[in-house]
Amino acid sequence: MNSSSTAKTVLFWFSIIFLGLMLYKLYSPDSSRSGKDEISYNEFMAKVDAGEIKNVTMYLSQSSYDLWGQDAHSPNRGFHVTLFKEAAPSVTEHLREKGVQVTVKEVRSADWMLLLVNGMPLLLLVGFCLFLLQRMKGGSWRTAQAGSSKTQTGIGYDLHRLEEGRPLIVGGIELPFDRGPVGHSDGDVLAHALCDALLGAAGLGDIGTHFPDTDPQWKGANSLLFLEHAKKLLTDKNFTIEHVDAVVITEKPKLGPHFPKMREALAKALGVSSDKIHLKAKTNEGVDAIGRGEAIAAHVVATLSSR
Ligand SMILES: [Zn+2]
């Protein structure tokens, strides 16, 4: 489950719980919000004297003393009046003389609940506004879901011949070895295959389109520059690099120990975290040109998502 669907689930359950709380507050027997009429103190007492009110609940809070009288004939209907604190004892006594059942309740402990329930519409409104805001920013759940369906993948392959006395650069890192790739630029097979995979995934052609080997400005160029440029092209098209998986095939030297540095260098050039870059090494089991140590090759698959 991704983070957006988790957030969605959490919000859903919050809404359900708050809806439940509101309904409970509306329909619970202690409810003081439904079917009640505001009346004056005199009217209230007149109803008591007339025997129209048999049950009274007195809510004692810091701010007010409230009387809720229940209609003797219609239990769902009631009457409300606010008292002076000083009047409460004599009123209670009078009610008891009239045979009215008086229940006294402290509402202080439930104040936060009342506040919460009464503030619910506002809370929901604020939540909804935040949701809309997020949508407008393009980070909405729907967009995120649609975004995942707009994931694009590209494949890249490169091979360079190896010759003695040339520096061996793979993944932006120079490795200690007696042979190195022949190429117009620095001959970094991994960077070239990665560049092709990224451009392919974005539908932007290939490395030759953007960095022709006939152009003198790329002679001996650091191939990480190609990646930096590719990254700019992706950003312009609103693509995000989600994952890169690569295999580098060479008989020698061992590449594994250099992978952490390569991942770091590639990630830096692409402006992503290095955990998005996955590297693997293979030999060619001694067969063909690669197996004879005459060449080095790389395969890369890159996954992009579009915002
Ligand atoms: Zn190349």
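**View A. Strands E1 and E4 of the predicted model, side by side.** In this predicted model, strand E1 and strand E4, the latter covering residues 78-83, pair in the parallel sense, and 3 bridges join them. One place to look for this pairing is Lys36, whose bridge partner in E4 is Gly78. As a general point, the strands of a sheet pair through backbone hydrogen bonds, either parallel or antiparallel.

**View B. The open sheet of 5 strands.** Read across the sheet, the strands follow the order E1-E4-E3-E2-E5, and their pairing is mixed. Which strands stand at the edges? They are E1 (36-38) and E5 (101-106), each of which has a single partner strand, so one side of each is left without a neighbour in the sheet. Neighbouring strands of this sheet are turned against each other by 25° on average, if direction is ignored.

**View D. Helices H9 and H10 where they cross.** The axes of helix H9 (residues 224-236) and helix H10 (residues 259-270) come within 7 Å and cross at roughly 40°, and the two helices are therefore oblique to each other. On the H9 side the contact is made by Leu224, Leu227, Glu228 and Lys231, while H10 contributes Ala265, Leu266, Ala269 and Leu270.

Note on methods. Residues numbered from 1 in each chain as written. Predicted model: local features only at pLDDT ≥ 70, side-chain atom pairs only at ≥ 80, totals over all residues. Axes fitted to C-alpha atoms, helices over the stretch in contact; angles between N-to-C directions. Helix = DSSP H or I, 4+ residues; strand = E, 2+ residues; numbered from the N terminus. Parallel < 35°, antiparallel > 145°, perpendicular 65-115°, else oblique. Contact = placed C-beta atoms within 7 Å. Pairing = 2+ DSSP bridges.
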